[in-house]
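Look at the sequence and the fold together.

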Amino acid sequence: MEFKGTKGEWIIAKRSTVVVMCGERSVANTGGFQDSNEIETQNENEANAKLIAAAPLLLAELISIMESCKGNAKHSIGLNNKAYTEIYQSAEKAIEKALK
């Protein structure tokens, strides 16, 4: 499976809303929702944008870690079989969710 989203570095651009950009392309907009606490909402929008902007790098790193953990890596990180299997399966599900 391969990431089919917008390739390149995703950055945060503050405009009238908080936008995640890749070059000149808008990838995501975390603004638009307003409530009675505008400052808190803006802080949440910025935090959401930071996570979205980091998503491609986080995904790539998780895939890299998963590839390096195949085989006997569980012994070198000190996990028992059950813990290792649970962590590995959870990471596989996260990758699948991101790529399907």
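Two strands pair if DSSP finds at least two bridges between them. Strands (E, at least two residues) and helices (H or I, at least four) are DSSP runs, numbered from the N terminus. This is a predicted model, in which local features need pLDDT of at least 70, side-chain atom pairs count only at pLDDT 80 or more, and totals for chains, interfaces and linings use all residues. Residues are numbered from 1 along each chain as its sequence is written, and side-chain values use heavy atoms, with hydrogens and water left out.

**The sheet**

Start with the strands. β1 and β2 pair in the antiparallel sense over four bridges. A hairpin of three residues joins β1 to β2. β2 is also joined to β3 (residues 25-29) by four bridges, and these two strands run antiparallel. Their hairpin has two residues between the strands, and there G23 takes a positive phi near 65 degrees.

Some opposite residues are listed here.

| Residue | Opposite residue |
|---|---|
| A13 | V19 in β2 |
| V19 | N29 in β3 |

Now look at β2 itself. Buried means under 20% relative accessible area, exposed over 50%, and partly exposed in between (1.4 Å probe, protein chains only). Strand β2 (residues 18-22) is mostly covered, with five of its five residues buried. In a regular strand the side chains alternate between the two faces of the sheet. Both faces of β2 are covered: V18, V20 and C22 are buried on one side, V19 and M21 on the other.

Axes are lines fitted to C-alpha atoms, for helices over the stretch in contact (heavy atoms within 4.5 Å).

**The cores**

A nonpolar core is a set of buried Ala, Val, Leu, Ile, Met, Phe, Trp, Tyr and Cys residues joined through side-chain atoms within 4.5 Å. Which residues make up the largest nonpolar core? It has eight: L59, M66, C69, Y84, Y88, A91, I95 and L99. The elements that give two or more residues to this core are α1 (38-69) and α3 (81-99). α3 gives the most, with five residues. Another core lies apart from it, with seven residues, including V18, V20, C22 and A53.

Y88 belongs to the largest core. Leaving aside neighbours within four places in sequence, Y88 is in contact with M66, C69 and K70.

**The start of the chain**

Rings of Phe, Tyr and Trp (its six-membered ring) pair if their centres lie within 6.5 Å; planes under 30 degrees apart count as stacked, over 60 as edge-to-face and the rest as tilted. By this rule there is one aromatic pair. The ring centres of F3 and W10 are 6.1 Å apart and their planes are at 55 degrees, so the pair is tilted. F3 is partly exposed, with a relative accessible area of 25%. W10 is buried, at 13%.

G5 sits in the segment before β1 (11-14). G5 is partly exposed, with a relative accessible area of 31%. Where does G5 stand relative to L99? The two are 94 residues apart in sequence and 9.0 Å apart in space, C-alpha to C-alpha.
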